[in-house]
Amino acid sequence: MIIDCISKAIFLFIIYNTVALMLFGVPKSLSMTYYLFKDKVDTLKFLFPAMMTMLTVFLMPCWLEMSEGSNFQFTAFLSAASVLFVGVAPAFLRSSLENMVHNMSAYICAAAALAWICLVTPYWYVILIVLAVIALIAWLTNTWKTSYIYWLEMVTFISTFISMVAYYIEYIK
């Protein structure tokens with residue numbers, strides 16, 4: 001069940017990002033895709049909140065189960081719950097309250113996910129490898145200045161997914 005949930009989350013994340021990249025190029029941030037889809041066709045604005053909600057639905061149970069017994073299980077909860085808050089406050093440019101909820105949740109999500117990797121799994125170095133690869137991609141596509149938030153988000157999500165799969169295979173399975 002754990003690997004199924006992780007696989008579904010990864011699949012959803014890849015599909016969403018692939019469609020967004022094909023339609024809009026590299027956005028300033030993953031959250032900006034809410035506005036890009038909304039501007040393209042207003043009824044598509046639900047895609048970003050739906051994707052973030054489904055990521056939480058897929059990841060929360062398996063992430064908590066994988067972290068069971070760790071003193072740092074709360075980092076998995078904080079990260080997954082924060083993804084949900086980012087998704088339910090997608091219009092971060094519209095209101096100051098929504099901006100605050102969205103941005104604080106995004107920061108908490110990233111910090112908690114990276115803390116989980118470093119404190120629960122032995123795969124802290126995955127963050128550095130993914131950061132190097134993403135930095136190279138950003139530099140080669142000449143988007144490192146305009147889309148640095150998007151690339152940092154990709155480092156966090158990809159590092160987390162890789163660490164979850166590796167941790168599951170080596171320690172849980």
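**Cavity, pockets and helices of a predicted model**

The count comes to 1 cavity of 30 Å³ or more, where a cavity is, on a 1 Å grid over the protein atoms alone, a set of points where a 1.4 Å probe fits but cannot get out. This is a predicted model, in which local features need pLDDT of at least 70 and side-chain atom pairs count only at pLDDT 80 or more, while totals for chains, interfaces and linings use all residues. Residues are numbered from 1 along each chain as its sequence is written, and side-chain values use heavy atoms, with hydrogens and water left out.

**The cavity**

- About 60 Å³ of space lies in the largest cavity, a volume being the space filled by probe spheres set on the grid points, which are joined across faces, edges and corners.
- The lining of the largest cavity, meaning residues with an atom within 4 Å of a point, is made up of Leu59, Trp63, Ser79, Val83, Cys109, Ala113, Thr156, Phe157 and Thr160.
- Two or more residues of this lining come from each of H3, H4, H5 and H7, and H7 gives the largest share, with 3 residues; helices here are DSSP runs (H or I, at least four residues), numbered from the N terminus.
- By residue class, the lining of the largest cavity divides into 6 nonpolar, 3 polar and no charged, where Ala, Val, Leu, Ile, Met, Phe, Trp, Tyr, Cys and Pro count as nonpolar, Asp, Glu, Lys and Arg as charged, and the others, Gly among them, as polar.

- The largest pocket has a volume of about 480 Å³, a pocket being an open set of points with protein on both sides within 12 Å along at least five of seven lines.
- Its lining has 19 residues, of which Ser29, Ala106, Tyr107, Ile149 and Glu153 lie nearest the centre of the pocket.
- The elements that give two or more residues to the lining of the largest pocket are helix H5 (96–120) and helix H7 (148–172), with H5 giving the most, 6 residues.
- This lining of the largest pocket holds 12 nonpolar, 5 polar and 2 charged residues.
- The second largest pocket, with a volume of about 190 Å³, is lined by residues including Ile10, Phe13, Asn17, Leu21, Trp151 and Phe161.
- Helix H1 (2–24) and H7 each supply at least two residues of the lining of the second largest pocket, and H1 gives the most, with 6 residues.
- The lining of the second largest pocket divides into 9 nonpolar, 2 polar and no charged residues.

**Helix H5**

- The 25 residues of H5 should span 36 Å at 1.5 Å a residue, and its end C-alpha atoms are 35 Å apart, which agrees; the expected span is 1.5 Å times one less than the number of residues.
- Among the buried residues of H5 are Glu98, His102, Ser105, Cys109, Ala113 and Trp116, buried meaning under 20% relative accessible area, exposed over 50%, and partly exposed in between (1.4 Å probe, protein chains only).
- What covers the buried residues of H5 includes helix H3 (47–66), helix H4 (73–88), H6 and H7, with contact taken as heavy atoms within 4.5 Å.

**Salt bridges**

- The structure holds 2 salt bridges, each being a side-chain nitrogen of Lys or Arg within 4 Å of a carboxyl oxygen of Asp or Glu.
- Arg94 pairs with Glu98, the closest N and O atoms being 3.0 Å apart; Arg94 counts as exposed because its relative accessibility is 61%, whereas Glu98 is buried, with a relative accessible area of 14%.
- Asp42 pairs with Lys45, the closest N and O atoms being 4.0 Å apart; Asp42 is partly exposed at 42% relative accessibility, and Lys45 is partly exposed at 31%.

- Ala132 has its place in helix H6 (residues 124–140) and is partly exposed, with a relative accessible area of 47%.
- From C-alpha to C-alpha, Ala132 and Leu21 are 20 Å apart in space, and they are 111 residues apart in sequence.
- Asn142, found in the loop between H6 and H7, has a positive phi of about 55° although it is not a glycine, and Asn142 is exposed, with a relative accessible area of 62%.
- Thr143 lies in the loop between H6 and H7 and counts as buried because its relative accessibility is 11%.
- Not counting residues up to four places away in sequence, Thr143 touches Val26, Ala138, Tyr148 and Trp151.
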